[in-house]
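Dear colleague,

I am handing over the structure below, and would be grateful if you could look through it alongside the notes that follow.

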Amino acid sequence: LLFPSLAFDQAVATDDPEVLEGGVRALNRGLGEFGQSDARLRPVGFVPQRLGPEKAIDMLEEAFALGCHTVNVEMVAPAGARSFSHRDYDPFWERFAERDVPLVIHVGTEGAWRKPVPSSFGNNGHASPTHQSDAPRDAHSFLGIGFAPGLFLGALVLDGVFQRIPGLRVCVAELGAVWVPSWLRQLDHAARAFRRAQPEVTALPDPPSHTIRERCKFTPFAGEDVGWLMAQNGPELWMFSSDYPHHEGTDDPIRRFEKTMSGLDRAARDAFYFRNFEALFGA
């Protein structure tokens, strides 16, 4: 998977809708053209849903036509805007199902809320890390990394998007995975607690975490305990990623993962290293 990386930050660093649209269209064109150099590459573009569902559909179809295999999407809508789980966005999500590709959420695509940890937490009297990255730049940021994806995926479930669009699938990339087991329990508890108050929740299958298990897969960071993750939720949710060539992937991600995988059989290892990717993206 070929991600836009730092070029993404350049494209979205504006509050002007026309500049944003032009930058993103150029970004997707560049990714599509670069991906044509090698059949193994699957470019992952970007579409900002904040420009509205009609514009998002147009930009998504153009990204596909330009050679993008799929796209990153935003997780949090701007204040006062429609949630991305609103029925008005159903035609946008349906395009992924029709094309039989998963949409992608990735660190840095939190949308209107790109910094999950308020900057005031960095004003703590200590020296802050100096590296710039779309990944968490410090331990404080890492603590909040699961909030935006958990809220986004939870809204897709609780608001019925996955039910309305049976073929919708999601790749959760470079957002870690250690937060997922407890979040799945929280999702089920939220549905139980508000079934009487929210009719759309009453209509959900029980438990809604089963929908996540069927439609979503997550990439742990190198060093996160894959054996423990599989013990909590089985082998089908987790996918290997190296984040090459970025430092988050470390100089030897396979070795770091292997340290956490003692006792796992061949089937579980194959699921992690390639079977789950094939199931999500297609062999």
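Helices and strands here are DSSP runs, helices being H or I over at least four residues and strands being E over at least two, and both are numbered from the N terminus. This is a predicted model, in which local features need pLDDT of at least 70, side-chain atom pairs count only at pLDDT 80 or more, and totals for chains, interfaces and linings use all residues. Residues are numbered from 1 along each chain as its sequence is written, while side-chain values use heavy atoms, with hydrogens and water left out.

I begin with α6. Helix α6 covers residues 147-158, and its end C-alpha atoms are 16 Å apart, which agrees with the 16 Å that its 12 residues should span at 1.5 Å a residue, the expected span being 1.5 Å times one less than the number of residues. The helix is mostly covered, since nine of its 12 residues are buried (buried means under 20% relative accessible area, exposed over 50%, and partly exposed in between, with a 1.4 Å probe and protein chains only). Among those buried residues of α6 are Phe152, Leu153, Leu156, Val157 and Leu158. Just after α6, Gly160 takes a positive phi of about 85°.

Helix α2 (residues 17-35) has 19 residues and reaches 27 Å between its first and last C-alpha, close to the 27 Å expected. At its N-terminal end it is capped by Asp16, a side-chain oxygen of which lies 2.9 Å from the backbone nitrogen of Glu18. The buried residues of α2 are Leu20, Glu21, Val24, Arg25, Leu27, Asn28, Leu31, Gly32 and Gly35. Seen down the axis of α2, these buried residues fall within an arc of 160°, so they line one face of the helix, where the arc is that of the directions from the helix axis to the C-beta atoms. On the other side of α2, Glu18, Glu33 and Phe34 are exposed. The buried residues of α2 pack against α1 (6-12), β1 (44-47) and α3 (53-66), contact meaning heavy atoms within 4.5 Å.

Pro43 is found in the loop between α2 and β1, and is buried, with a relative accessible area of 4%. Residues up to four places away in sequence aside, Pro43 touches Leu2, Leu31, Gly35, Gly67, Cys68, His69 and Thr70.

By contrast, Arg87, in the loop between β2 (70-73) and α4 (90-99), counts as exposed at 56% relative accessibility. Arg87 and Arg99 are 12 residues apart in sequence and 19 Å apart in space, C-alpha to C-alpha.

Thr219 lies in the loop between β5 (216-218) and α11 (226-233) and is buried, with a relative accessible area of 4%. The side chain of Thr219 reaches the backbone nitrogen of Glu174 at 2.9 Å, and, neighbours within four places in sequence aside, Thr219 is in contact with residues including Val172, Glu174, Met239 and Ser241.

Finally, the cavities. A cavity is a set of points, on a 1 Å grid over the protein atoms alone, where a 1.4 Å probe fits but cannot get out, and lining residues have an atom within 4 Å of a point. Grid points are joined across faces, edges and corners, and a volume is the space filled by probe spheres set on the points. By this rule there are two cavities of 30 Å³ or more. The second largest cavity holds about 50 Å³ of space, and among the residues lining this cavity are Glu174, Pro220, Phe221, Ser241 and Asp243.

With best wishes

Technical notes:
Polar contact = N/O pair within 3.5 Å; in protein donor to acceptor, adjacent residues only side chain to side chain. 1 Å grid on protein atoms, 1.4 Å probe; cavity = no way out; pocket = protein on both sides within 12 Å on 5 of 7 lines; lining within 4 Å.
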